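Biologist: I am new to this structure. Could you show me how to read it, one feature at a time?

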Amino acid sequence: MPTRIRLQDGGFSLVEDPFTAVADDLQVPPGDVIISLTRFQAEGERLLSEGRAVGVRLESDEGAEALAYDLPRIAVVALAFPKYRDGRAYTSARLLRERYGFKGEVRAVGDVLREQAGFMLRCGFDAFEPADGSSPEDWERATQRFRHVYQRGTDARAPAFEERGQ
Amino acid sequence: MYQYDAIDKDFLADRSAEFRGQVARRLAGELSEDQFKPLRLMNGLYLQLHAYMLRIAIPYGSLNPTQMRKLAEISRTYDKGYGHFTTRTNLQFHWIKLKDAPDILDALASVDMHAIQTSGNCIRNVTADPYAGATAEELDDPRVWAEAIRQWSTVHPEFSWLPRKFKIAVTASVKDRTAARVHDIGLAIRRGRDGALGFEVMVGGGLGRTPYVGSTIREFLPAKRLVSYLEAILRVYNRLGRRDNSNKARIKILVATLGAEEFARQVEAEWEKAGDASDLPDTELARIRAAFAPTRFETLTARSEAFEAAKATSPALARFARNNLKPHKQPGYGIVEVSLKAIGATPGDANAEQMEVVADLAERYGQGDIRVTHEQNLVLPHVKLDDVAAVHAALAAAELATPNMGLVSDIIACPGLDYCALANARAIPIAQHIAERFADPDRAEAVGELKIKISGCINACGHHHIGHIGILGVDKKGEEFYQLTLGGSGAEDAAVGQMLGPALPANRVAEAVDQLVEVYLRERQGEERFLDTFRRTGVSPFKEAVYADAH
C-alpha cells in the first residue's frame, strides 16, 4: 500500500494510505478514494452513500468555499501544489481549519518539498506526499528549525507577541 | 531605536543555521540550482553577471553604528571593500562567494541584521520615512508600525509564496519621502476626526513594466487593526493574483483588472470574516513604541551662534547647510543628509572607510542613529546645530558632503549592466556623465529641485517612471539607448512620467538633460520647480529643444 507522512500528536510518521487518488478519466475503484471537486459535485452523493470514505482534491485555483457545506462528510481535502512556488494552498488550508472548522485530514500533494514543511504545518496541513523523497525525520527537523514564530497560525504555537507578554 | 530581544536574536540564529544547511546541501550536490534558487533568494542571494550578490535588509532604513561598522567589516572581508545602498534602503554586496554566504549571515546576525526576504515572492523590507522621529511634520513615528510589519511579515506561514514580490511603505508626514504611492501597499498615518490614529491605505502602486500610482482603498483604518487588514489584502492577492505570467503577477495588475472599488470590496469582506485574531495586542504595540521613544535631546535655543558664525566664514558649510541640512522637531537640532552622490561616483556606493566615518559621526554627534533613504543617501537624523560644522568637515574629508540633496546631481541609478544580469544598458556611467555636466554647484542650486532617476531595464529598480526626468536603458540591436520621460514623481504628488520622444544614444543623454534644464530655466515662473514648470507647459517645449536637430 502507498504511504504518506502524517502528523499525529505532534510527531511525523510514515503511515499507510488507504485512499486511492482517482483521475477524472478513470473509473472509481472500490474503497476509499480522493476525487476532483468536479467529480465530487457530480458523484459525491452516490459515493458517500456507498459507505466509503471520500476525499476531495482542490486544485490551487479552486477555493475552499466550494466545499464549505460538505466538509463534515469529507475525510480528506488534498490541496494541490502544481509548483512548490504556488502558495494558494496555504490560504486554502487556513480557511479550511479556521473558517470552516474542518477536522479531517488536510493533505499536501503535488510539488511538495521539505522546505515548505514549516509553512504547511502552521497553516493546518497534517498529511504530506513529498516529491523530494524526504522522510518523516526530515519533516520533523524542518519544522523544528525556528524556536519562535511571529504570527498566530492554525497550529498551537504562541507567537512572539504572546511569549513576550508572559 | 528598536533593540532585538532574545526572541528576535534566536530567530536570526535559527534562520542562519537553516541557510547554512541549505548551502551545504547545494555545495554537496544534494540540491540542484533549480531547487536551491528559491531558498537562496529568500535569503537575499542572487546570481549576477560576475558573482553572487547578497542583499542585506536594513529594516525601514534604520542602522546603528555597530551595524554600520559590521557592514564595513564584511565588505572588506568578503567583498571588494564597498557596498551599494539601494532604492529599497537595503545594502548590496556584489562580489560574494556562495561558500562565504553562511558566515556573512552569521556575522550579520551578531549585530541583529539579516538578509531575510530581501528577494523572492514574499513581503520585502518595509520602507519608512528616513526622517522618522526627527521631523516635526509627522503625526506619529512610522518606525513603530514598520517594525510591527517587519515582525508580522517575517517567515509568514501563509504569505511567503505570493504571486510576486510585495513591498510596503509607511509614511506619517504630508511630505512623502517613501514613495508610498508606488508601493504594493502604501500606508499614510492619519488622525481620525476624534483624534485617533489610523492609516490611509493605498494599494496597487508600482513601477516596473507597467507603472501605476496606487489607489486609496480605505481612507481611515484604525491603527490597531493594521495587521488584520494587511492579512486581508494579502489573502485576496494570494488567491487571485496571476501566477501564469510573472510580468502580470504584481498586485497592481490585480487591482487594475478588478478595479480599485471591487478590490476594496473583496478586502473588506475578507477582513470582516477574519476578525481581529491576527492583530497585535496593545501591550506589544506599546513595547515597540517605547523602543522608539525620543531620548537624550538637550534643551537648546533654535539658533546656534557657533553654527551661524561658522557658516559666515565658510561658504562650503553654508552651501551644505542650504542643501543638506533639514529642520528638526527639536530646537537647536538638525537632520543632516549624507550624500552618496559625489560627482563622478556611483550613486549609492559607499566604501568601508566611508561607512566607518558615518558610524563614528553617528556615535559622536548623532545619538547613534543612521538612516538610509530610498534616494540612496544616508541621514544623521539628530545632530546638534552646534556640531554641524564638525560633522560637515568630517564628511567632506570622506567625500560624503556633496551639497546636492534633491538637486540635479542627486541621481538615483540602479546597478545596471555593469553588474546586473537583467539590465539592457548601463545606468551608472549615465549618472556620472550628468553629474559631471552639472558639477558647478552654483548652477545646480540655481536649477533647484530636480530628481533624475535611471534604470538599466524595464524592471525599473532605478525608479525612472517617477523621476522628474526619468531615464530608461533599452537595447536597440545590441546598442545601449535611453528613453527619457518627464514629469514623474514618487512624492505626495505621485505621477508616472510621460515619454519625451525617441530613445537617445548614450552620448546624447547628458546633453539632452542639459537642454531640458535650459528650457526649464527659460520657461519657469516664480518659484516653480522643474516638475511644476513641466506640468504647466506640457512636453512640447522640452521635446522641441531635445529633438531640434532631428527636424
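**Reading the two chains**

Modeller: Start with a covered helix. Among the elements covering the buried residues of helix 11 (residues 315-324) of chain B are helix 10 (305-313), strand 11, strand 12 and helix 13 of chain B. This is a predicted model: local features need pLDDT of at least 70, side-chain atom pairs count only at pLDDT 80 or more, and totals for chains, interfaces and linings use all residues. Residues are numbered from 1 along each chain as its sequence is written, chains are lettered from A, and ligands are numbered from 1 in the order in which they are written.

Biologist: Which residues of helix 11 of chain B are buried?

Modeller: First the terms. A residue is buried if 20 or more other C-beta atoms lie within 10 Å of its own, exposed if 12 or fewer, and partly exposed in between, with C-beta atoms placed from the backbone. Helices (H or I, at least four residues) and strands (E, at least two) are DSSP runs, numbered from the N terminus. In helix 11 of chain B, the buried residues are B:L317, B:F320, B:A321, B:N323 and B:N324.

Biologist: How many residues of strand 12 of chain B are buried?

Modeller: Strand 12 (residues 333-338) of chain B has 6 of its 6 residues buried. In a regular strand the side chains alternate between the two faces of the sheet. Here B:Y333, B:I335 and B:E337 point one way, while B:G334, B:V336 and B:V338 point the other way.

Biologist: What does strand 12 of chain B pair with?

Modeller: Strands pair if DSSP finds at least two bridges between them. Strand 11 (residues 325-327) of chain B runs antiparallel to strand 12 of chain B, joined by 3 bridges. One bridge sets B:P327 against B:G334. Their hairpin has 5 residues between the strands, and B:G332 takes a positive phi near 85 degrees there. Strand 15 (residues 378-384) of chain B also pairs with strand 12 of chain B, antiparallel over 5 bridges. There B:V336 has B:L380 as its bridge partner.

Biologist: How do I read two packed helices?

Modeller: Look at the angle and the gap between axes. Axes are lines fitted to C-alpha atoms, for helices over the stretch in contact, and angles run from 0 to 180 degrees between N-to-C directions. Helix 12 (residues 352-365) of chain B packs on helix 13 (residues 388-397) of chain B at about 170 degrees, with axes 10 Å apart. So helix 12 of chain B is roughly antiparallel to helix 13 of chain B (under 35 degrees counts as roughly parallel, over 145 as roughly antiparallel, 65 to 115 as roughly perpendicular, the rest as oblique).

Biologist: Which residues meet between helix 12 and helix 13 of chain B?

Modeller: Residues are in contact if their C-beta atoms, placed from the backbone, lie within 7 Å. B:V357, B:L361 and B:Y365 of helix 12 meet B:A390, B:V391 and B:A394 of helix 13. That contact has 6 nonpolar, no polar and no charged residues (Ala, Val, Leu, Ile, Met, Phe, Trp, Tyr, Cys and Pro count as nonpolar, Asp, Glu, Lys and Arg as charged, and the others, Gly among them, as polar).

Biologist: At what angle do helix 1 and helix 4 of chain B pack?

Modeller: Helix 1 (residues 6-27) and helix 4 (residues 101-109) of chain B pack at about 175 degrees, with axes 9 Å apart. That makes helix 1 of chain B roughly antiparallel to helix 4 of chain B. The residues that meet include B:L12 and B:F19 from helix 1 and B:L105 from helix 4. This contact divides into 8 nonpolar, 1 polar and 2 charged residues.

Biologist: Is B:M499 buried or partly exposed?

Modeller: B:M499 counts as partly exposed because it has 14 C-beta neighbours inside 10 Å. B:M499 lies in strand 20 (residues 498-499) of chain B. Beyond its neighbours within four places in sequence, B:M499 is in contact with B:Q483 and B:T485.

Biologist: What is the order of strands in the sheet of chain A?

Modeller: The sheet in chain A is open, with 8 strands in the order 2-1-8-7-6-5-4-3 and mixed pairing. Strand 2 (11-16) and strand 3 (20-21) of chain A are the edges, each pairing on one side only. Strand 6 (residues 76-81) and strand 7 (residues 105-110) of chain A pair in the parallel sense over 6 bridges.

Biologist: How many residues does each chain give to the contact?

Modeller: Chain A gives 26 residues and chain B gives 30 residues. Helix 2 (88-99), helix 3 (117-123) and helix 5 (160-165) of chain A each supply at least two residues to the side of chain A that touches chain B. That side has 7 nonpolar, 7 polar and 12 charged residues.

Terms used. Contact = placed C-beta atoms within 7 Å.
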